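Hello,

Here is the structure I promised to pass on. Have a look at it first, and then read on for what turned up.

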Amino acid sequence: MTSQDIGQDIYKLIEELYPICRSITGNGFRESMQIVQKHIPLELREVPSGTQVFDWVVPKEWNIRDAYIKNSKGEKVVDFQRLNLHILNYSVPIKRRVRLAELKEHLFSLPDEPDLVPYRTSYYKENWGFCVSHKLLESLNDQEYDVLIDSSLENGHLTYGECFIKGEIDDEFLISCHSCHPSLCNDNLSGMGLVTYLARHLRQRKMRYSYRFLFIPGTIGSITWLSLNEDKASKIRHGLVVACVGDPGNMHYKKTRRGDAEIDKAVTHVLKHSGNAYEIMDFSPYGYDERQYASPGFNLAIGNLSRTPHGRFPEYHTSADDLDFVKSESLSDSFSKYNQIINLVDNNRKYLNTNPKGEPQLGKRGLYSTMGGRKDASKYEMALLWVLNLSDGQHTLLDIAERADIAFPSIQEAATALVDCGLLVEVV
């Protein structure tokens, strides 16, 4: 399957998930996970409402069936069935006639973007409301409106999805995406789609690290997982939070709390050698779930790799974050870069030169002739020489690639050739 094909397949998955009204709990989240289960062996975990998870409590479960606002003619001026962003996510049920002045207290719009519908939530404070375009809000002139929100907020469960791929060692690489937003494509159906296909891809390969993929509701999901899985968290050596990977913007990487973790160096290396513009950002305790994984009690080496970061594209948390905004070619490029980063980390080993006194003769081992037949012979020869010189049991292949300013795949290829001819042995 080509990279282009993968981008198109991820887009098709986004299309399938797009109409579903997801939230941090409820049937919309479960329905989405059941669709993902068609592609990977995803286990669903259910955590009861009221469960104490560190300083938080798992909230009541929210489900919605219908919602609308009708004018005096009985016309639906706002209809949840046409756009699920219209509902204030986690709205409590209501069915009554309200005066316009009261209704406006429960309407949310974007005066600076009068044609767009915003995405708003009220997870932890009971409220009801609708999100509408500012143009519609200003057009309301009836004195009274019939309001219906057919929802429930009851004891139930928080659901999250988990896919685990066992590697050669128990140390883990965590890949996490928030999956709680309704019809928003870049934030974060793009992340859900990319993570699904990454897991599907890695299941077909022999990997050194074990890989854990999490599909969780934002904030409360990562806190819940950490609270219930401290033993597993201690095995995590590297990780990435996946978000906003389908827009046409350049790649952006937010570093781990540590700032100099192996994953920080790996992502920076891949982006530097990609030939595309990119930006590296320092850690901040604001954003997506990387801030929970980086809380001081865990301090996990987990960064956030996106295209345009949250809040920095005008479509963010609005109805404009739709199927036209995400692009299959952007999804393909994001998938490729994630795959390169995973390949780098999984193959970042230390080696020992078995013939360290003087430079070994490469010609008699068949390496010189191989170099002579290559268009990039000089570059490959330098990769061989750098690997030989710095393979002292202390430097990783990524250390060598950075010191030599040579892309990791060339360094890895050189190391493989040197192992095959007995000039290198891996340091375990």
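In this predicted model, His252 stands opposite Glu279 in strand S15. The strand pair to look at here is S14, residues 251-254, and S15, which run in the parallel sense and share 4 bridges.

These two belong to an open sheet of 8 strands with mixed pairing, and the order across it is S1-S10-S12-S11-S13-S16-S14-S15. At the edges are strand S1 (43-48) and strand S15 (278-281), each of which pairs on one side only. On average, neighbouring strands of the sheet are turned by 20° against each other, direction ignored. Helix H5 (residues 185-202) packs on this sheet, where it touches strands S10 (157-165), S11 (172-178), S12 (210-216) and S13 (236-242). The direction of H5 makes about 150° with that of S11.

Next, the pockets. The largest pocket holds about 520 Å³ of space. Its lining is made up of 20 residues, and those nearest the centre are His181, Thr219, Gly287, Arg291 and His317. By type, the lining splits into 9 nonpolar, 8 polar and 3 charged residues.

One more residue to look up is Thr396, found in strand S18 (residues 392-396). Is Thr396 buried or exposed? Thr396 counts as buried because its relative accessibility is 13%, and the cut-off for buried is under 20%. If you set aside neighbours within four places in sequence, Thr396 is in contact with Asn348, Arg349 and Lys350.

Enjoy exploring, and write back with any questions.

Best wishes

Conventions
Residues are numbered from 1 along each chain as its sequence is written. This is a predicted model: local features need pLDDT of at least 70, side-chain atom pairs count only at pLDDT 80 or more; totals for chains, interfaces and linings use all residues. Side-chain values use heavy atoms; hydrogens and water are left out. On a 1 Å grid over the protein atoms alone, a cavity is a set of points where a 1.4 Å probe fits but cannot get out, and a pocket is an open set with protein on both sides within 12 Å along at least five of seven lines; lining residues have an atom within 4 Å of a point. Grid points are joined across faces, edges and corners, and a volume is the space filled by probe spheres set on the points. Ala, Val, Leu, Ile, Met, Phe, Trp, Tyr, Cys and Pro count as nonpolar, Asp, Glu, Lys and Arg as charged, and the others, Gly among them, as polar. Two strands pair if DSSP finds at least two bridges between them. Axes are lines fitted to C-alpha atoms, for helices over the stretch in contact, and angles run from 0 to 180 degrees between N-to-C directions. Contact means heavy atoms within 4.5 Å. Buried means under 20% relative accessible area, exposed over 50%, partly exposed in between (1.4 Å probe, protein chains only).
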